[in-house]
Amino acid sequence: MEITKLTPRGFCKGVVNAIHIINKALENNTYKKPIYMLGNIVHNKNVVEAFKSKGIIILDGESRVEMLKKINEGTVIFTAHGVSDAVRNIATMKGLDIVDATCKDVKKTHDVIKEKLLEGYLLLFYGKENHPETEGIIGISDEIILITDKTDLSTLPKYSGKIIITNQTTMSFLDVIKIYNKLKEIYPQLELVDEICNATRRRQEAVINAEGYDLIIVVGDKLSNNTKMLKELASNKTKAIQVETLNDLKNIDLSNFNKIAITAGASTPKSILEEIVFNLEHNTNNYISRLNLDDYLKG
Ligand code: SF4
């Protein structure tokens, strides 16, 4: 069995940066306690558990506003997915200390959208419903129209003014083009601002360009959108499976595969991927996991 690691794979710079910011905050005794996180830092259970073990309380709820209702003191961490100004204002009004781990690429999308709204554009946003990044974007203005897939196109209003579509950073860049082309039939004047981040695009391109493999293993959390997109792209090339950790591989028979490529979503710790590769190469019939919580925070 030949294993090839696709490049790039694993943590993107946005996640590495978020982990760094949070670790610095944990070392800084001037932040008020307790320290809360507004949802999961990234969609990876192992990374979340690692931060829980360091004393961070992870808030859960239907929206960031609902989560904030649960706390009145301490420090709140905004995750890499970003938050709306409304959420930021509530945290400030409650007197909470704020640690902002929003990815720069998400911040850039917020800025582009605010600028286009000021210029008088009608704004369409292609994203995943209930995803924290989409929630933050939709929170910018009630005027933004969310498009989650092509079935939403039939309900769009007639409009002849300036109109633009942009997107969540972790969507499939091929799907963005498809949605844009469909929308051009409804709004010929439509402009596109493609906000797929570089990390997402390069991981997707690596999968699209992977030739000659009879299996692609995609490592990442089931809730991770960019991992889901990698799995979809991989399935268009060859047989593809998604696993969260080495444990998920234990009941899968890989003996019929000779050439395997492996990749991982932008929220997947490199340690998980390396452990899988090591076991596939050395412990074919008896997988052994040796990772501890600290390993999940290494980029
Ligand atoms: S996937 Fe892209 S947008 Fe999301 S944290 Fe990473 S670099 Fe930022």
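Which residues surround the ligand? In this predicted model, in which residues are numbered from 1 along each chain as its sequence is written, local features need pLDDT of at least 70, side-chain atom pairs count only at pLDDT 80 or more, and totals for chains, interfaces and linings use all residues. Side-chain values use heavy atoms, with hydrogens and water left out.

The ligand is surrounded by C12, G14, C103, D105, V106, T169, T170, C197, A199, T200 and A266, where a residue is near a molecule if one of its heavy atoms lies within 4 Å of it. This shell comprises six nonpolar residues, four polar residues and one charged residue; in this classification Ala, Val, Leu, Ile, Met, Phe, Trp, Tyr, Cys and Pro count as nonpolar, Asp, Glu, Lys and Arg as charged, and the others, Gly among them, as polar. At least two residues of the shell are supplied by each of helix 5 and helix 8; helices (H or I, at least four residues) and strands (E, at least two) are DSSP runs, numbered from the N terminus.

The protein is divided into domain 1 (2–11 + 199–297), domain 2 (13–103) and domain 3 (105–196), with bounds that come from an automatic or database domain assignment. Because domain 1 and domain 3 both give residues to the shell around the ligand, the ligand lies between them. The centres of domain 1 and domain 2, taken over C-alpha atoms, are separated by 28 Å. Between these two domains, 15 residues of domain 1 are in contact with 15 residues of domain 2, contact meaning heavy atoms within 4.5 Å.

Grid points are joined across faces, edges and corners, and a volume is the space filled by probe spheres set on the points. One cavity of 30 Å³ or more is found in the whole structure. The largest cavity holds about 290 Å³ of space. The ligand sits in this cavity, in the sense that more than half of its atoms lie within 2 Å of the grid points.

The lining of the largest cavity consists of 23 residues, and C12, V15, H81, T170 and N226 lie nearest its centre. Two or more lining residues come from each of helix 1 (13–27), helix 5 (104–118), helix 8 (198–208) and helix 9 (225–237). Helix 1 gives the most, with three residues. By class, the lining of the largest cavity divides into nine nonpolar, eleven polar and three charged residues.

The largest pocket contains about 340 Å³ of space. It is lined by 18 residues, of which H43, R64, N130, P132 and L223 are the closest to its centre. Helix 3 (64–69) and helix 6 (132–138) are the elements that give two or more residues to this lining. Four nonpolar, eight polar and six charged residues make up the lining of the largest pocket, and at least three residues are drawn from each of domain 2 and domain 3.

The second largest pocket has a volume of about 280 Å³. Among its 15 lining residues, Y126, T148, D149, D175 and I179 are the closest to the centre. Helix 7 (173–186) and helix 9 each supply at least two residues of this lining, and the largest share, four residues, comes from helix 7. The lining of the second largest pocket has four nonpolar, two polar and nine charged residues. Domain 1 and domain 3 both give residues to the lining, so the second largest pocket lies between them.

Backbone geometry was also examined. Most residues other than glycine have a negative phi, and most peptide bonds are trans. The peptide bond from T7 to P8 is cis, with omega near 0°, and P8 is placed in the loop between strand 1 (2–5) and helix 1. K33 and P34 are likewise joined by a cis peptide bond, with omega about -5°; P34 is in the loop between helix 1 and strand 2 (35–38). N130, a residue other than glycine, has a positive phi near 65° and is found in the loop between strand 6 (122–126) and helix 6.

Key. On a 1 Å grid over the protein atoms alone, a cavity is a set of points where a 1.4 Å probe fits but cannot get out, and a pocket is an open set with protein on both sides within 12 Å along at least five of seven lines; lining residues have an atom within 4 Å of a point.
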